[in-house]
Amino acid sequence: SGDLKPGGTVVEATSGNTGIGLAIACAIRGYKSIFVLPDKMSQEKVSMLRAFGAKVVVTPTAVAPEDPRSYYSVANRLVQQTPGAVLANQYHNPANPQSHYDTTGPEIWGQTQGKVTDLVCGMGTGGTITGIGRYFRDSGHDVRIIGVDPEGSILYDAWKNSGVTDGLEAESYLVEGIGEDFIPSTLDLSLVDEVIQVSDAESFAWTRRLVREEGIFCGGSCGAALAGAVKYAQGLGPERNVVVILPDSGSRYLSKVFDDAWMQEHGFSTQERELKTVRDVAEAMGSQELITAEIDDRVRDVIELMREHAVSQLPVLDQTGTYIGVISEVDLLNAIVEVEPELRAEKTISDVAIRSVPTLRADMDFVQAIPEITTQKVAILVDEDNKPAGILTVIDALTWMSKQKTR
């Protein structure tokens, strides 16, 4: 537009990534730059901006957008105070979505040879999802547009309310670069078919899995996008082709999501690969070698086994070692209370009512198993041959879940 004169200054309120792009452009073109970041952003972003010669101003995160201390307000004030300064204004600059309309949308369509059916994208300023959505709509391409929003942001609720934000209030969350406490004018929620919420814990777990399992080194907003995409894709058939936008590099988060001490300090598991099956959760809750009884065992021996291992119920196996049910101390008591003392010694548990308790594949995803566990209160874990591999109670499941903080 010509507003930025030679030797002028670019000012922007940013979570860091747009600022880095602008800092590079300013370094090449000879402009000065000032970037205002909320204090939850990583130190790597601050250091990178300063490396390009930019001035960085850090402001509080937990303030309303209209608060004079917010990074939006501070950026506007710096423009007024700095001669020759312009505000890049990514939250309200139509060039933001237009750039994705002109480039990102056609790139996705071309690279997938027109086979893309669903587009999943995190939402911050909304420039990416709005520009791509408009391109597909205007081009007549039938592609579903799926937004991903972190828990604590208002965008999910705003989308559900058809853009109405009255009464909506943002809460704190740790994922950087996506989610908002207001609706940017660069975000057109009418283009979005569905919005999926994800937690900080889900976002960081997928971020760490991406680099360890796929070699894709990206930031927390990418993990959030993938977490949303995995949730969304669960209900799709093999004919669908889902594209997920991963917009960020992991090099900017070495001191946060990729640092075990930081993760543990904020209550997040650093064992995202290990703790994902029902067997893993059972073992994490202290489950040791599974103690079982056989159908021909004597009642008194089974009682002694329970006493020795301090358990109140045991899986029962048939002569082939296959799981057939569960017997409890109450079942045993009921079975012998009316039996003559001289007969109790030889009574076997084959004469005792054995309860049918549901089984779960030990390698089953824990999240998928939650409804069964909470309904039945206990489940026996079995391997591929239906051999018992563990036991998981509802209290174990609830205790483990309560330790997995989301923010």
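The model is predicted, so local features were taken only where pLDDT is at least 70 and side-chain atom pairs only at pLDDT 80 or more, whereas totals for chains, interfaces and linings use all residues. Residues are numbered from 1 along each chain as its sequence is written, and side-chain values use heavy atoms, with hydrogens and water left out. Helices (H or I, at least four residues) and strands (E, at least two) are DSSP runs, numbered from the N terminus, and two strands are said to pair if DSSP finds at least two bridges between them.

E5 and E8 run parallel and are joined by three bridges, and Leu 119 has Val 243 as its bridge partner in E8.

Helix H4 (residues 95–111) packs with helix H5 (residues 127–139) at an angle of about 60 degrees, and their axes are 7 Å apart. H4 and H5 are therefore oblique to each other, given that angles under 35 degrees count as roughly parallel, over 145 as roughly antiparallel, 65 to 115 as roughly perpendicular and the rest as oblique. Contact (heavy atoms within 4.5 Å) is made by residues including His 100, Tyr 101 and Trp 109 of H4 and Ile 132, Arg 134 and Phe 136 of H5. By class, the contact of H4 with H5 has eight nonpolar, eight polar and two charged residues, where Ala, Val, Leu, Ile, Met, Phe, Trp, Tyr, Cys and Pro count as nonpolar, Asp, Glu, Lys and Arg as charged, and the others, Gly among them, as polar.

In a second pair, the axes of helix H7 (residues 200–214) and helix H8 (residues 220–233) come within 7 Å and cross at roughly 100 degrees. H7 and H8 are therefore roughly perpendicular to each other. Among the residues that make the contact are Phe 204, Trp 206 and Leu 210 of H7 together with Leu 226, Val 230 and Lys 231 of H8. The contact of H7 with H8 divides into seven nonpolar, four polar and two charged residues.

Strand E10 (residues 313–317) is mostly covered, since four of its five residues are buried; buried means under 20% relative accessible area, exposed over 50%, and partly exposed in between (1.4 Å probe, protein chains only). Strand E9 (residues 293–294) runs parallel to E10 and is joined to E10 by two bridges, with Leu 317 in E10 as the bridge partner of Glu 294. Five bridges join E10 to strand E11 (residues 323–328), and these strands run antiparallel; here the partner of Leu 317 is Tyr 323 in E11. The hairpin of E10 and E11 has five residues between the strands, and in this hairpin Gly 321 takes a positive phi near 85 degrees.

Most residues other than glycine have a negative phi. Gln 113, although not a glycine, has a positive phi of about 55 degrees and is placed in the loop between H4 and strand E5 (118–122). At 63% relative accessibility, Gln 113 counts as exposed. Ser 162 likewise has a positive phi of about 55 degrees without being a glycine, and lies in the loop between helix H6 (155–160) and strand E7 (194–198). Ser 162 is exposed, with a relative accessible area of 71%.

In helix H3 (residues 71–81), the buried residues include Tyr 71, Tyr 72, Val 74 and Leu 78. What covers the buried residues of H3 includes strand E1 (9–13), strand E2 (32–38), strand E3 (55–59) and strand E4 (85–87).

Definitions and conventions. Axes are lines fitted to C-alpha atoms, for helices over the stretch in contact, and angles run from 0 to 180 degrees between N-to-C directions.
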